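Keep the 3D view open as you read.

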Amino acid sequence: MAFGPFLCFCICGRVLALVIWGVLIVGCKANFYSDFDITWGNDRAKIVNNGEILQLSLDNYSGSGFQSKNEYLFGNIHMKIKLVPGNSAGTVTAYYLSSQGPTHDEIDFEFLGNLSGDPYIVHTNLFTQGKGNREQQFYLWFDPTQEFHTYSVLWNPIQVMFSVDGTPIRVFKNAESKGVPYPKNQAMRLYSSLWDADNWATRGGLVKTDWSQAPFMASFSNFEANACVVSSYSTTKSQCGEASNGWFNQGMDSTAEERLKWVQKNYMVYDYCKDTRRFPQGFPSECSLFLPKSL
(Lines give C-alpha, C1' and ligand atoms only; values in the text may rest on other atoms or scores of the structure.)
Protein backbone atom coordinates (compact mmCIF):
# COMPACT_ATOMS: atom_id res chain seq x y z
CA MET A 1 0.00 0.00 0.00
CA ALA A 2 1.34 3.43 -0.91
CA PHE A 3 0.78 6.44 1.37
CA GLY A 4 0.29 10.11 0.69
CA PRO A 5 0.14 12.96 0.29
CA PHE A 6 2.76 13.41 3.00
CA LEU A 7 3.05 16.44 5.24
CA CYS A 8 6.65 16.54 6.46
CA PHE A 9 6.59 17.96 9.94
CA CYS A 10 9.23 18.92 12.43
CA ILE A 11 6.96 18.77 15.45
CA CYS A 12 7.76 20.01 18.93
CA GLY A 13 4.30 19.72 20.44
CA ARG A 14 2.62 21.93 17.86
CA VAL A 15 4.01 22.48 14.39
CA LEU A 16 7.57 23.81 14.44
CA ALA A 17 8.32 23.40 10.75
CA LEU A 18 5.90 22.25 8.08
CA VAL A 19 6.93 21.29 4.56
CA ILE A 20 4.26 20.82 1.89
CA TRP A 21 5.61 20.16 -1.59
CA GLY A 22 8.90 21.80 -0.58
CA VAL A 23 7.46 24.94 1.08
CA LEU A 24 8.74 25.57 4.63
CA ILE A 25 6.48 27.16 7.25
CA VAL A 26 7.83 27.90 10.75
CA GLY A 27 5.45 27.56 13.70
CA CYS A 28 5.11 27.24 17.48
CA LYS A 29 6.04 25.45 20.71
CA ALA A 30 5.58 22.12 22.54
CA ASN A 31 2.18 21.27 24.01
CA PHE A 32 0.72 17.85 24.87
CA TYR A 33 -2.83 19.16 24.40
CA SER A 34 -2.23 19.65 20.67
CA ASP A 35 -0.34 16.42 19.91
CA PHE A 36 -1.89 13.67 22.04
CA ASP A 37 -5.19 12.19 23.19
CA ILE A 38 -5.58 10.51 26.58
CA THR A 39 -7.16 7.18 25.66
CA TRP A 40 -7.79 5.35 28.93
CA GLY A 41 -7.43 5.56 32.69
CA ASN A 42 -9.76 8.54 33.27
CA ASP A 43 -8.10 11.03 35.64
CA ARG A 44 -5.08 8.74 36.13
CA ALA A 45 -3.66 10.46 33.05
CA LYS A 46 -3.14 14.21 33.36
CA ILE A 47 -1.64 17.01 31.28
CA VAL A 48 -0.06 19.64 33.55
CA ASN A 49 2.22 22.69 33.44
CA ASN A 50 0.20 24.34 30.68
CA GLY A 51 0.60 21.31 28.43
CA GLU A 52 4.34 20.84 28.92
CA ILE A 53 4.15 17.57 30.93
CA LEU A 54 1.91 14.52 30.70
CA GLN A 55 1.66 12.21 33.72
CA LEU A 56 0.46 8.59 33.72
CA SER A 57 -0.43 6.75 36.91
CA LEU A 58 -1.32 3.20 37.92
CA ASP A 59 -3.26 1.97 40.94
CA ASN A 60 -4.83 -1.36 41.81
CA TYR A 61 -7.93 -0.51 39.75
CA SER A 62 -6.42 0.70 36.48
CA GLY A 63 -3.45 2.02 34.60
CA SER A 64 -3.59 4.76 31.96
CA GLY A 65 -2.40 5.66 28.48
CA PHE A 66 -2.28 8.13 25.61
CA GLN A 67 -1.71 8.17 21.84
CA SER A 68 -0.59 10.68 19.24
CA LYS A 69 -3.15 12.50 17.17
CA ASN A 70 -0.96 12.03 14.08
CA GLU A 71 0.09 8.89 12.23
CA TYR A 72 3.65 8.69 10.93
CA LEU A 73 5.32 6.79 8.13
CA PHE A 74 9.02 7.18 9.00
CA GLY A 75 10.33 9.69 11.51
CA ASN A 76 12.94 10.71 14.05
CA ILE A 77 10.95 10.76 17.28
CA HIS A 78 12.04 11.83 20.76
CA MET A 79 10.40 11.90 24.18
CA LYS A 80 11.79 12.76 27.60
CA ILE A 81 10.54 10.32 30.25
CA LYS A 82 10.99 10.10 34.02
CA LEU A 83 10.16 6.56 35.15
CA VAL A 84 8.32 5.28 38.23
CA PRO A 85 10.62 5.67 41.26
CA GLY A 86 11.09 3.38 44.26
CA ASN A 87 9.66 -0.14 44.30
CA SER A 88 8.09 -0.30 40.84
CA ALA A 89 8.25 -4.12 40.55
CA GLY A 90 5.49 -5.54 38.36
CA THR A 91 4.84 -2.30 36.48
CA VAL A 92 5.59 -1.56 32.84
CA THR A 93 5.90 1.88 31.26
CA ALA A 94 5.42 1.33 27.53
CA TYR A 95 6.44 3.83 24.83
CA TYR A 96 6.04 2.59 21.27
CA LEU A 97 5.00 3.13 17.67
CA SER A 98 2.34 0.81 16.26
CA SER A 99 -0.02 0.35 13.33
CA GLN A 100 -3.27 -1.57 13.69
CA GLY A 101 -4.53 -5.02 12.70
CA PRO A 102 -3.25 -8.61 12.77
CA THR A 103 -0.35 -7.84 10.43
CA HIS A 104 0.66 -4.68 12.27
CA ASP A 105 4.14 -3.17 12.53
CA GLU A 106 5.44 -2.03 15.91
CA ILE A 107 8.60 -0.51 17.43
CA ASP A 108 8.73 -0.91 21.23
CA PHE A 109 10.42 0.57 24.24
CA GLU A 110 9.11 -1.03 27.46
CA PHE A 111 10.57 -0.13 30.85
CA LEU A 112 10.26 -3.03 33.31
CA GLY A 113 9.85 -2.02 36.93
CA ASN A 114 12.20 -3.10 39.70
CA LEU A 115 12.63 -3.59 43.41
CA SER A 116 14.09 -0.53 45.10
CA GLY A 117 17.82 -0.44 44.45
CA ASP A 118 17.72 -2.79 41.46
CA PRO A 119 18.22 -1.43 37.94
CA TYR A 120 15.39 -0.91 35.48
CA ILE A 121 15.42 -3.16 32.41
CA VAL A 122 14.77 -1.53 29.03
CA HIS A 123 12.91 -4.10 26.93
CA THR A 124 12.91 -3.50 23.14
CA ASN A 125 11.08 -5.35 20.40
CA LEU A 126 10.16 -4.90 16.76
CA PHE A 127 7.18 -6.34 14.87
CA THR A 128 6.93 -6.63 11.10
CA GLN A 129 3.75 -7.87 9.43
CA GLY A 130 2.40 -9.05 12.77
CA LYS A 131 5.51 -10.99 13.79
CA GLY A 132 7.59 -9.94 16.78
CA ASN A 133 9.79 -12.15 18.98
CA ARG A 134 12.81 -9.90 18.40
CA GLU A 135 13.47 -8.91 22.01
CA GLN A 136 16.64 -7.28 23.29
CA GLN A 137 16.97 -6.02 26.86
CA PHE A 138 19.38 -3.56 28.45
CA TYR A 139 20.28 -1.99 31.76
CA LEU A 140 20.79 1.77 31.77
CA TRP A 141 23.95 3.57 32.85
CA PHE A 142 21.99 6.00 35.06
CA ASP A 143 18.97 6.07 37.37
CA PRO A 144 16.01 6.79 35.04
CA THR A 145 13.73 7.77 37.92
CA GLN A 146 15.65 10.81 39.20
CA GLU A 147 15.27 13.09 36.19
CA PHE A 148 14.04 13.14 32.60
CA HIS A 149 16.05 11.31 29.92
CA THR A 150 15.46 11.25 26.16
CA TYR A 151 14.33 8.03 24.47
CA SER A 152 14.38 8.14 20.67
CA VAL A 153 13.37 6.08 17.65
CA LEU A 154 14.89 6.84 14.25
CA TRP A 155 12.78 5.00 11.68
CA ASN A 156 13.65 5.47 8.02
CA PRO A 157 13.96 3.28 4.91
CA ILE A 158 17.50 2.28 5.98
CA GLN A 159 17.15 1.31 9.64
CA VAL A 160 15.28 1.47 12.92
CA MET A 161 17.58 2.81 15.64
CA PHE A 162 16.70 2.90 19.35
CA SER A 163 18.65 5.55 21.30
CA VAL A 164 18.90 6.80 24.88
CA ASP A 165 20.14 10.36 25.41
CA GLY A 166 21.53 10.23 21.87
CA THR A 167 23.41 6.95 22.38
CA PRO A 168 22.27 4.08 20.11
CA ILE A 169 21.40 0.91 22.00
CA ARG A 170 19.92 -1.15 19.16
CA VAL A 171 19.71 -1.10 15.36
CA PHE A 172 17.41 -3.12 13.09
CA LYS A 173 18.56 -2.66 9.50
CA ASN A 174 16.49 -2.88 6.35
CA ALA A 175 17.52 -6.27 4.96
CA GLU A 176 14.54 -6.91 2.69
CA SER A 177 16.94 -7.77 -0.13
CA LYS A 178 18.00 -10.74 2.02
CA GLY A 179 14.47 -11.85 2.86
CA VAL A 180 13.99 -10.05 6.20
CA PRO A 181 10.65 -8.16 6.44
CA TYR A 182 10.99 -4.46 7.28
CA PRO A 183 8.36 -1.96 8.52
CA LYS A 184 7.88 0.51 5.67
CA ASN A 185 4.29 0.46 4.39
CA GLN A 186 2.09 0.93 7.46
CA ALA A 187 1.65 4.26 9.22
CA MET A 188 2.04 4.15 13.00
CA ARG A 189 0.84 6.24 15.90
CA LEU A 190 2.92 6.86 19.01
CA TYR A 191 1.46 5.26 22.14
CA SER A 192 2.36 5.15 25.81
CA SER A 193 0.85 3.40 28.81
CA LEU A 194 1.57 2.54 32.43
CA TRP A 195 0.12 -0.82 33.42
CA ASP A 196 0.39 -3.83 35.73
CA ALA A 197 2.33 -6.77 34.24
CA ASP A 198 3.46 -8.59 37.35
CA ASN A 199 2.91 -11.94 35.65
CA TRP A 200 6.13 -11.34 33.64
CA ALA A 201 7.69 -7.89 34.06
CA THR A 202 10.03 -8.32 37.04
CA ARG A 203 12.25 -11.42 37.16
CA GLY A 204 9.88 -13.27 34.89
CA GLY A 205 6.91 -12.68 37.19
CA LEU A 206 8.57 -13.86 40.40
CA VAL A 207 8.27 -10.40 41.99
CA LYS A 208 4.71 -9.10 42.24
CA THR A 209 3.37 -5.56 42.38
CA ASP A 210 3.31 -4.07 45.89
CA TRP A 211 0.07 -2.11 45.80
CA SER A 212 0.93 -0.38 49.07
CA GLN A 213 3.35 1.68 46.93
CA ALA A 214 0.56 2.86 44.59
CA PRO A 215 -0.20 5.10 42.85
CA PHE A 216 2.79 4.62 40.57
CA MET A 217 3.59 7.55 38.26
CA ALA A 218 5.66 8.17 35.12
CA SER A 219 6.08 11.59 33.51
CA PHE A 220 6.63 12.66 29.88
CA SER A 221 7.90 15.92 28.37
CA ASN A 222 9.61 17.53 25.37
CA PHE A 223 8.00 15.47 22.63
CA GLU A 224 9.58 16.08 19.23
CA ALA A 225 8.85 14.31 15.95
CA ASN A 226 10.71 15.15 12.77
CA ALA A 227 8.44 12.90 10.79
CA CYS A 228 6.33 12.14 7.74
CA VAL A 229 2.75 12.69 8.83
CA VAL A 230 0.22 10.70 6.85
CA SER A 231 -2.86 12.65 5.81
CA SER A 232 -4.33 10.19 3.29
CA TYR A 233 -3.49 7.03 1.37
CA SER A 234 -3.23 7.79 -2.32
CA THR A 235 0.19 8.86 -3.59
CA THR A 236 3.89 8.47 -2.77
CA LYS A 237 6.30 9.46 0.00
CA SER A 238 9.01 11.04 -2.14
CA GLN A 239 8.37 14.61 -0.94
CA CYS A 240 8.91 13.52 2.65
CA GLY A 241 12.42 12.29 1.96
CA GLU A 242 13.30 15.44 0.08
CA ALA A 243 12.29 17.63 3.04
CA SER A 244 13.64 15.59 5.96
CA ASN A 245 16.87 17.50 6.73
CA GLY A 246 18.87 14.29 6.62
CA TRP A 247 17.16 11.88 9.03
CA PHE A 248 15.27 10.13 6.21
CA ASN A 249 18.54 8.79 4.78
CA GLN A 250 20.56 8.60 8.01
CA GLY A 251 22.61 5.46 8.59
CA MET A 252 25.29 4.61 11.17
CA ASP A 253 28.52 6.61 11.26
CA SER A 254 31.67 5.39 13.02
CA THR A 255 30.87 7.24 16.26
CA ALA A 256 27.40 5.69 16.45
CA GLU A 257 28.89 2.25 15.75
CA GLU A 258 31.33 2.65 18.64
CA ARG A 259 28.63 3.80 21.05
CA LEU A 260 26.40 0.91 20.00
CA LYS A 261 29.21 -1.57 20.63
CA TRP A 262 29.85 0.00 24.06
CA VAL A 263 26.20 -0.38 25.11
CA GLN A 264 25.80 -3.90 23.77
CA LYS A 265 29.03 -5.07 25.39
CA ASN A 266 28.40 -3.53 28.82
CA TYR A 267 24.63 -3.19 29.28
CA MET A 268 22.82 -5.81 27.19
CA VAL A 269 21.16 -8.44 29.41
CA TYR A 270 19.16 -10.42 26.81
CA ASP A 271 19.41 -10.92 23.05
CA TYR A 272 17.05 -13.18 21.14
CA CYS A 273 19.87 -13.76 18.68
CA LYS A 274 21.83 -15.59 21.40
CA ASP A 275 18.98 -17.64 22.90
CA THR A 276 19.80 -21.17 21.77
CA ARG A 277 17.00 -22.73 23.83
CA ARG A 278 14.46 -20.60 22.03
CA PHE A 279 15.93 -21.20 18.57
CA PRO A 280 17.41 -24.74 18.66
CA GLN A 281 17.19 -25.04 14.87
CA GLY A 282 19.14 -21.84 14.26
CA PHE A 283 18.70 -18.13 14.80
CA PRO A 284 16.50 -15.87 12.65
CA SER A 285 18.29 -14.77 9.50
CA GLU A 286 18.66 -11.14 10.57
CA CYS A 287 20.79 -12.12 13.58
CA SER A 288 23.91 -12.45 11.45
CA LEU A 289 23.31 -9.08 9.78
CA PHE A 290 22.86 -6.60 12.63
CA LEU A 291 25.88 -7.07 14.87
CA PRO A 292 28.10 -3.99 15.25
CA LYS A 293 31.47 -4.55 13.63
CA SER A 294 34.02 -6.28 15.91
CA LEU A 295 31.57 -6.72 18.80
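## A buried ring

Let's begin with Phe 109, which is buried, with a relative accessible area of 0% (buried means under 20%, exposed over 50%, and partly exposed in between, using a 1.4 Å probe and protein chains only). Before going on, note that this is a predicted model, where local features need pLDDT of at least 70 and side-chain atom pairs count only at pLDDT 80 or more, while totals for chains, interfaces and linings use all residues. Residues are numbered from 1 along each chain as its sequence is written, and side-chain values use heavy atoms, leaving out hydrogens and water.

## Rings in pairs

The structure holds 23 aromatic pairs (rings of Phe, Tyr and Trp, the last by its six-membered ring, pair if their centres lie within 6.5 Å; planes under 30 degrees apart are stacked, over 60 edge-to-face, and the rest tilted). Phe 109 and Phe 162 have ring centres 5.4 Å apart and planes at 80°, so this pair is edge-to-face. Because Phe 109 lies in strand E10 (residues 106–112) and Phe 162 in strand E14 (residues 159–164), the pair ties together parts that are 53 residues apart in sequence (strands are DSSP runs of E with at least two residues, helices runs of H or I with at least four, numbered from the N terminus). Phe 162 is buried too, at 0% relative accessible area.

The rings of Trp 141 and Trp 262 also form an edge-to-face pair, with centres 5.4 Å apart and planes at 65°. Trp 141 is partly exposed at 26%, and Trp 262 is partly exposed at 29%. Arg 259 lies over the face of Trp 262, 4.6 Å from the ring centre (for Arg, this needs CZ within 6 Å of the centre and within 35 degrees of the ring normal).

## The nonpolar core

Which residues have the most contacts inside the largest nonpolar core? They are Met 79, Phe 109, Tyr 151 and Trp 155, in a core of 64 residues (a set of buried Ala, Val, Leu, Ile, Met, Phe, Trp, Tyr and Cys residues joined through side-chain atoms within 4.5 Å). Strand E17 (residues 216–230) gives the most to this core, with 9 residues.

## An open sheet

Finally, 8 strands form an open sheet in the order E4-E7-E16-E9-E10-E11-E12-E18, with antiparallel pairing (two strands pair if DSSP finds at least two bridges between them). The edge strands, E4 (36–40) and E18 (268–271), each pair on one side only.
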